[in-house]
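Reader: I have a model on my screen and want to learn to read it. Can you take me through the features one at a time?

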Amino acid sequence: MRPTVIPHICAIALGVTLAACRDAESPAARSALSVVVDTLGDTIVVRTAGDVPLDAEHTLNEVWRAGTADGHPDSSFSWIHSADITPANHVYVFDAQAPQLRHYDANGGLVRTIGRKGAGPGEYDRANGLVVLTDARVLLWDGAGNSRLNAYAPDDSFVQQWPAPVTGFSTGNQALTALSDGGWAARGFLRDSTRREALGRVAWFRYASTGVLTDTIATPSAAETDAVMLIARSENGTSSTPVPFMPRGITTLHRDGYVVWSPGAPYVVHARHDGRPLRIERTYTPVPVSDDERAQRREQVTFDLRQTNSAWTWDGPEIPREKPPVQELLVGQDGSLLVRVSGPSEPYEPEPPRVADGETPRPLVRYRSTSAYELFAPDGTLRARFRLPTGAVIHALRGDAVWGRVSDDEDVPYLVHWRLAPAPTR
């Protein structure tokens, strides 16, 4: 098949809700990305090259934020673990430290707090994940001691519960995925005695809307590029940590029930579109890691592992001099693909660690990594690029609407709703 070349900004605009082409003959448009759509067997290949022009640079404009700085248990947050949205843009959020499951309306107003800490019907302890299903039920993976899945009706009343997958364990805001067929999938691990990993191969346990386990979706073997670990052992135990900036396989589950994955380096994402395999290829200018940052990170890793074995010495590969391009993958509720891309490190002064008298403080790393997000349409064409505030995390995405968490200068967390919009032109 002859490749289709899409050479200007019209190919990557966010649509009528965000931006149309300002001027296809402008200098910005003429220097925009080159997008080539090709096929390789039955695979659709979308190759994007070049720098993102001004017309595709977007900003996050805050619509509302929920939470207070006064520490009130019913209005402030301690630790926003996970959140998801309804079709009407209501937000369900789990505060892990309280713990509390809260329901906010489309304007950020608190509707109610659901359930409470405990082990009774509808109660919870520590969450592994939270999603809103297609029938508007809310599903909370109540982990730790309870090890179950709690379902709440659209009116927030408790409906029923199911046991969590016995071979599954996961944490984080992608531990559950609401599927387009009305069911859901729980991220966990497949135990495998032939593998050296403590937990095994990453997989998703797929459930029907009735709570019946119907399938297990394993990570593609090509995506199983584990982080390179440094390990310290002693008679008192074992500890491990990944080599900083080493590429690793990154996976997430699409709402249609297939795995979206990247090797981390090079910048390649594997997905599907219209029932066919989709491969997104993106040119990427490597981001260097300075010798100073490499030395500081090495010193910190060495300190950490010597807490287990005081004689531990570096026995793995050296810290890379370049960052892997792909850091994270997210799937929007509209099927869009969001890729977090490595950016340069910036110097900063972290808070000094608190230590008891006579203890040696943990070495500081006086650099923090920056990143950008590149948003791709379901067909693999690049729609926009934007940045998050430092320390912010995205929990949900639909069209030009984004929901997540952010902290202020006093490290107080808030639930935030943003809207993507074209960056002001200079």
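Reader: Are Tyr373 and Phe386 buried or exposed?

Author: First the idea: buried means under 20% relative accessible area, exposed means over 50%, and partly exposed lies in between (1.4 Å probe, protein chains only). Here, tyrosine 373 is buried, and phenylalanine 386 is buried too. This is a predicted model, where local features need pLDDT of at least 70, side-chain atom pairs count only at pLDDT 80 or more, and totals for chains, interfaces and linings use all residues. Residues are numbered from 1 along each chain as its sequence is written, and side-chain values use heavy atoms, with hydrogens and water left out.

Reader: How do I read aromatic pairs?

Author: A pair of aromatic rings is described by the distance of the centres and the angle of the planes. Rings of Phe, Tyr and Trp (its six-membered ring) pair if their centres lie within 6.5 Å; planes under 30 degrees apart are stacked, over 60 edge-to-face, and the rest tilted. This rule gives seven aromatic pairs. In one of them, the rings of tyrosine 152 and phenylalanine 158 have centres 6.0 Å apart and planes at 65°, so the pair is edge-to-face. Tyrosine 152 is buried, with a relative accessible area of 1%. Phenylalanine 158 is partly exposed, at 30%.

Reader: What kind of pair do tyrosine 373 and phenylalanine 386 form?

Author: Their ring centres are 5.5 Å apart and their planes are at 10°, so the pair is stacked. Strands come next: helices (H or I, at least four residues) and strands (E, at least two) are DSSP runs, numbered from the N terminus. Tyrosine 373 lies in strand E27 (residues 367–376) and phenylalanine 386 in strand E28 (residues 382–386), so the pair ties together parts that are 13 residues apart in sequence.

Reader: Which residues form an aromatic cluster?

Author: Trp162, Trp184 and Tyr207 form one.

Reader: Where does a charge sit over a ring?

Author: The test is NZ of Lys or CZ of Arg within 6 Å of the ring centre and within 35 degrees of the ring normal. Arginine 65 has its charged end over the ring of tyrosine 414, 4.8 Å from the centre. Arginine 102 lies over the face of phenylalanine 77, 4.5 Å from the ring centre.

Reader: How many helices and strands are there?

Author: The protein has two helices and 31 strands.

Reader: How do I read a sheet?

Author: Start with pairing: two strands pair if DSSP finds at least two bridges between them. E5 and strand E6 (residues 91–95) run antiparallel and are joined by five bridges. Isoleucine 80 stands opposite aspartate 95 in E6.

Author: Another open sheet of four strands has the order E13-E14-E15-E16, again with antiparallel pairing. Its edge strands are strand E13 (176–178) and strand E16 (213–218), and each pairs on one side only. Seven bridges link strand E14 (residues 184–190) to strand E15 (residues 201–207), and the two run antiparallel. Alanine 185 stands opposite arginine 206 in E15.

Reader: Why is strand E11 largely enclosed?

Author: Five of the five residues of strand E11 (residues 148–152) are buried, so the rest of the structure largely encloses this strand. Arg148, Asn150 and Tyr152 point one way, Leu149 and Ala151 the other way.

Reader: Which strands pair with E11?

Author: Strand E10 (residues 138–143) runs antiparallel to E11, with five bridges between them. Leucine 139 has alanine 151 in E11 as its bridge partner. In the hairpin of E10 and E11, with four residues between the strands, alanine 144 takes a positive phi near 55°. E11 also pairs with strand E12 (residues 158–163), in the antiparallel sense over five bridges. Here alanine 151 has glutamine 160 in E12 as its bridge partner. In the hairpin of E11 and E12, with five residues between the strands, aspartate 156 takes a positive phi near 75°.

Reader: Which residues does valine 45 touch, leaving aside its neighbours within four places in sequence?

Author: Contact means heavy atoms within 4.5 Å. By that test, valine 45 is in contact with Val36, Val37, Asp38, Leu40, Arg279 and Glu281. Valine 45 is found in strand E3 (residues 43–49) and is buried, with a relative accessible area of 2%.
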